[in-house]
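Reader: Hi! I'm new to looking at protein models, could you walk me through one?
Author: Happy to, let's open it up.

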Amino acid sequence: MGTPEFPDLGKHCSFDDCKLIDFLPFTCDRCRQVFCLEHRSYIKHSCPNADRQDVTVVICPLCAKGVRLIPDEDPNITWETHVNTECDPSNYEKVTKKKKCPVPGCKDILTFSNTIKCRDCLVDHCLKHRFGPDHKCPGPKKSEAVFPFMGLLSRSRKEESKPNRAPTSSSSTWATSFLNAASTVRASAEASMSKLSTEISQKLQIAKDGMGQSSSSSSGGIGQEECPQCGAKFSSVTTLVDHVEKVHERNGNRPGVKKVTIDVCPKCSRGFRDPVSLVQHVERDHGGTSRT
């Protein structure tokens, strides 16, 4: 077997009636023996382990599910395991019952190739009844209101209006609790709004009072301008200045009469005989600045 250069080249076929030397032999993946090209298949060399990796599935007549038979295990045991664990007879109708067109009188079976879903009623129909007039389409569903739970609330109110009927369903209980929560939120919102409006009115009243005080203080200065020489009172600084110029400056050349200079505040136009008093007035009443 082989050649002088490669004495281990080639092997005999393991089939009893062949024993052919093959330089490119095949090894069976089940029985792990070597065969030639002719006997390499499971059937040709009658492989005893040919069914080791075969997949055999049996359809259950009760639930229409596939049951895989496990190699080296009795099929009866596999069947009993399926019946006791995962067999559901209610699934038989879902699998075996074929879906038909819902139009009365139509017996067409709906398959993948002849099924059309209506865009308005969202129901599957056959090709013959795919249009709305053919299957009497009711049209698109009406959109719900802005608040979808309003219908539930109205229904719960109707149930509460009946004294002899006690709410037994969980939906009515949920609607009642939701209604109570909504009323609580509304009451708290109304209380917050009233409190806010009260605070706003108080702030406005305080602002109005401050404006009134400032106007009264500014008006209180009218008629308080007093001549430093004769004590006469005037309504404005201009009238006081005219009085001083006309009355006291004319007598300024008289012996014993001292000339008086009046400084005017650039902010409020009040007159001061002493410049120091003017500076103190500006710092105290106008924030320390005399700029107009």
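Reader: Where is Ser-46 placed?
Author: This is a predicted model, and in it Ser-46 sits in the loop between strand S4 (34–35) and strand S5 (56–59).

Reader: What is Phi of Ser-46 near?
Author: Phi of Ser-46 is near 50°, which is a positive value in a residue other than glycine.

Reader: And is Ser-46 buried or exposed?
Author: Ser-46 is exposed, with a relative accessible area of 57%.

Reader: OK, what about Phi of Ala-64?
Author: Phi of Ala-64 is near 60°, and that is a positive value in a residue other than glycine. You'll find Ala-64 in the loop between S5 and strand S6 (66–69).

Reader: Buried or exposed, for Ala-64?
Author: Ala-64 counts as buried, because its relative accessibility is 18% and the cut-off for buried is under 20%.

Reader: Switching topic: how many disulfides does the count come to?
Author: The count comes to zero disulfides. Take Cys-101, which is in no disulfide: the nearest cysteine sulfur belongs to Cys-126 and is 3.6 Å away. A disulfide needs the two sulfur atoms within 2.5 Å.

Reader: Are Cys-101 and Cys-121 buried or exposed?
Author: Cys-101 counts as buried, at 5% relative accessibility. Cys-121 counts as buried too, at 14%.

Reader: Now helices! How far apart are the end C-alpha atoms of helix H5?
Author: They are 15 Å apart. Helix H5 covers residues 237–248, and at 1.5 Å a residue its 12 residues should span 16 Å, so the two values agree.

Reader: Which residues of H5 are buried?
Author: The buried ones are Val-237, Leu-240, His-243, Val-244 and His-248. Looking down the axis of H5, those buried residues fall within an arc of 115°, so they line one face of the helix.

Reader: Nice! And which residues are exposed on the other side of H5?
Author: Over there, Thr-238 and Lys-246 are exposed.

Reader: So what do the buried residues of H5 pack against?
Author: They pack against four strands: S9 (225–226), S10 (233–234), S11 (263–264) and S12 (271–272).

Reader: Great, I'll go and look for that face on the model. Thanks!

How values were computed:
Residues are numbered from 1 along each chain as its sequence is written. This is a predicted model: local features need pLDDT of at least 70, side-chain atom pairs count only at pLDDT 80 or more; totals for chains, interfaces and linings use all residues. Side-chain values use heavy atoms; hydrogens and water are left out. Helices (H or I, at least four residues) and strands (E, at least two) are DSSP runs, numbered from the N terminus. The expected span of a helix is 1.5 Å times one less than its number of residues. Buried means under 20% relative accessible area, exposed over 50%, partly exposed in between (1.4 Å probe, protein chains only). The arc is that of the directions from the helix axis to the C-beta atoms. Contact means heavy atoms within 4.5 Å.
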